[in-house]
Amino acid sequence: MDVYGSEMSIAGWRRLIDEAYSGELGEPILNVDEARGSHFDAIFVGGGSAGRFGAAVLRSLGGRPLVVERWPFLGGSCPHQACVPHHLFSEAARELDQAQALQGRLWYPKFDPTAASVLELVELFRSQRSGPHAHMNWQSAQQLDIESVVNAEAAVRDARTVCAAGRTFTTDALVLATGARTAMPGIEGETLPGVFDYASFIEDLDYEPRKIVVIGGSKVAVEYASFYRATGTPTTVVSRAEVLTSGGPALMDDDLRGFVVEQMHSRDLELLEHSVVTRILGEERVEGVEVQTPAGRRVIDADFVLLGTGERPNTASFAAALPLTYDERGFVVVDSRMRTNIDGVYAAGDLIGPPLEMFKSRRSGTTAARNIMGIAAEFHYDDIPDFLHTTYEVTWAGLTERQARERYDRVVTIQVPPLGMAPGDTPLPMAEGSMLYGFTFPERTGYQKCVIDADSRRIVGIHHAGYGAKDAFQYLHHLISRPEGLTIDQLGDMNELYISSDYFIGYARLRANQADLTSM
Ligand code: COM
């Protein structure tokens with residue numbers, strides 16, 4: 001169907017998206033200005049964060065983009081199966097964590113684990129997700145003037161030609177942004193009903209899990225396991241290595257990771273590290289898993305298994321047509337301008353490898369767009385602030401203390417709790433979101449560290465477990481990664497809004513002006 005020029009409202013888009021989900025609307029939805037022909041300055045194959053943001057920037061620079069997307073909406077996996085539901089679950093995990101810890105105190109009733117339903121939250125998300133989807137379609141088409149073909153598979157014919165919805169479109173530049181999917185680990189039983197990944201968990205869950213095993217040890221595994229456990233459901237994480245030591249979390253400071261892991265233990269989230277699931281058990285559906293642990297073989301009962309075993313790129317729509325260079329895991333290799341090895345072909349988003357984060361996708365898409373429009377833009381996505389959720393928000397940017405000590409002669413830190421103290425020794429850091437814990441369970445308030453090169457006095461790393469520091473970190477990262485950096489004295493000169501999550505801004509003021517910097 002053709003919707004170009006039809007002044008679609010958000011509600012109108014939502015109706016179309018809902019019809020597409022229900023199968024009522026099987027045909028592609030074209031928002032293409034036929035009067036301008038079928039040739040574009042850039043075609044974005046994939047309309048997730050990379051494609052949608054890239055197209056918007058290309059359009060604002062005066063170019064004509066086309067986005068082709070298999071789902072009936074733009075925005076990709078983020079609002080559909082990944083970041084947005086994950087944030088809903090993490091917010092629930094944080095609330096449930098407090099409700100359990102504080103039960104019987106203040107106004108908190110006795111915690112009823114049967115009232116906290118994983119299924120109910122998934123159903124809530126499923127029932128409402130077309131709202132944000134519709135907003136993105138409306139914003140892209142009606143506000144940003146982006147032409148698109150959605151609800152349609154793309155087939156790349158060559159570096160200048162894409163077919164979709166029975167039409168052929170040509171282009172000066174191609175941006176591949178087709179995302180990624182879970183890497184199946186190849187374990188016996190992995191296709192049994194009751195085995196999910198982050199996507200099928202959203203699409204297919206139709207029962208309340210009673211006993212959960214999560215396979216994997218990185219972000220997805222730890223985030224979802226923390227949520228499941230916070231609902232009161234017994235949960236075991238099985239990880240080949242120590243949790244949070246691969247992917248983006250490998251850049252977490254050791255002490256920050258130590259705090260986060262200790263707090264997971266204290267919530268009775270079982271972590272089986274250096275362990276491998278050898279078999280998923282069950283006849284008709286999942287009944288348990290067989291695990292090889294350092295202490296021997298174990299069988300764990302489970303009616304739900306989540307695979308958090310990493311991701312692989314989606315290349316089917318272009319692999320045969322384009323002789324691209326791939327890395328050892330199959331991700332498309334690009335340079336810092338998002339150029340592939342083929343002239344005029346760019347790649348962005350999850351397709352180019354970790355970190356598989358929406359914020360990296362957006363910027364990689366816009367970097368491609370600017371280069372296509374003649375602006376030499378670079379994006380080094382190995383140096384961006386990052387975060388994950390357990391029942392905490394855990395945020396980091398810049399160097400860990402260990403990395404800083406390898407690089408600089410004299411490193412000092414500002415950390416809370418102070419060096420050598422355990423979290424229970426002090427109620428600090430106590431800030432936005434942790435005040436109730438500060439006065440009830442001081443060991444739960446959080447952990448913070450600011451790493452400083454004492455010679456240049458520059459902040460070189462910031463690390464935080466608690467609540468609400470993400471906003472500060474996105475700006476602090478920008479400040480510390482400028483060529484001139486940010487010194488402790490400049491940080492100490494900032495106006496903080498007491499009581500803020502990023503405690504060390506206030507603490508930096510206590511140490512600023514000290515001629516020979518020491519830790520605190
Ligand atoms: C965010 C999706 S949920 S997008 O980055 O705005 O396209």
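Thr445 touches Pro427, Leu428, Pro429, Ser434, Tyr437, Gly438, Ala465 and Gly466, leaving out residues up to four places away in sequence; touching, or contact, means heavy atoms within 4.5 Å. The model is predicted: local features need pLDDT of at least 70, side-chain atom pairs count only at pLDDT 80 or more, and totals for chains, interfaces and linings use all residues. Residues are numbered from 1 along each chain as its sequence is written, and side-chain values use heavy atoms, with hydrogens and water left out.

**Thr445**

- Thr445 sits in the loop between helix H12 (435–438) and strand S22 (447–453). Helices (H or I, at least four residues) and strands (E, at least two) are DSSP runs, numbered from the N terminus.
- Thr445 is buried, at 3% relative accessible area. Buried means under 20%, exposed over 50%, and partly exposed in between (1.4 Å probe, protein chains only).
- A polar atom of the Thr445 side chain lies 3.2 Å from the backbone oxygen of Pro427.
- The Thr445 side chain also reaches the backbone oxygen of Pro442, at 3.2 Å.

**Ligand site**

- Around the ligand are Ser49, Arg52, Phe53, Gly75, Cys78, Pro79, Val84, Met136, Met358 and Arg362. The cut-off is one heavy atom of the residue within 4 Å of the molecule.
- Ser49 places a polar side-chain atom 2.8 Å from a ligand oxygen.
- For Arg52, a polar side-chain atom lies 2.8 Å from an oxygen atom of the ligand.
- An N or O atom in the Arg362 side chain is 2.7 Å from a ligand oxygen.
- The ligand alone exposes 260 Å², and the protein buries 94% of that. Accessible areas come from the Shrake-Rupley method with a 1.4 Å probe; for residues, only the protein chains shown count as cover.

**Helix H10**

- H10 covers residues 358–372. Its 15 residues should span 21 Å at 1.5 Å a residue, and the end C-alpha atoms are 21 Å apart, which agrees. The expected span is 1.5 Å times one less than the number of residues.
- Buried residues of H10 are Lys360, Ser361, Ser364, Gly365, Thr366, Thr367, Ala368, Ala369, Asn371 and Ile372.
- Their cover includes strand S2 (39–45), helix H2 (49–60), strand S7 (167–176) and strand S18 (345–347).
- Ala368 and Asp343 are 25 residues apart along the chain, with C-alpha atoms separated by 13 Å.
- Asp343 lies in the loop between strand S17 (311–313) and S18. Asp343 counts as exposed, at 66% relative accessibility.

**Helix H6**

- H6 runs over residues 130–143. Its 14 residues should span 20 Å at 1.5 Å a residue; the end C-alpha atoms are 18 Å apart, which agrees.
- Ser130, Gly131, His133, Ala134, Met136, Asn137, Ser140 and Ala141 are the buried residues of H6.
- These residues pack against helix H1 (10–22), strand S1 (29–31), H2, helix H3 (77–80) and helix H5 (118–128).

**Domains**

- The domain assignment gives domain 1 (10–79 + 127–181 + 312–372), domain 2 (195–309) and domain 3 (392–511). Such bounds come from an automatic or database domain assignment.
- Domain 1 and domain 2 have C-alpha centres 33 Å apart.
- In contact are 4 residues of domain 1 and 4 residues of domain 2.

**His389**

- His389 belongs to strand S19 (residues 386–389). His389 is buried, with 10% relative accessible area.
- The His389 side chain makes a polar contact with the side chain of His86 (3.1 Å). A polar contact is a pair of N or O atoms within 3.5 Å; within protein, one must be able to donate a hydrogen and the other to accept it, and residues adjacent in sequence count only if both atoms are side-chain atoms.
- Leaving aside neighbours within four places in sequence, His389 is in contact with His86, His87, Ser90, Val222, Glu223 and Lys470.

**Backbone geometry**

- The Val416 to Pro417 peptide bond is cis, with omega near 0 degrees. Pro417 is in the loop between strand S21 (411–416) and H12.
- Tyr498 and Ile499 are joined by a cis peptide bond, with omega about 5 degrees.
- Ala165 is not a glycine, yet has a positive phi of about 55 degrees. Ala165 is partly exposed, at 30% relative accessibility.
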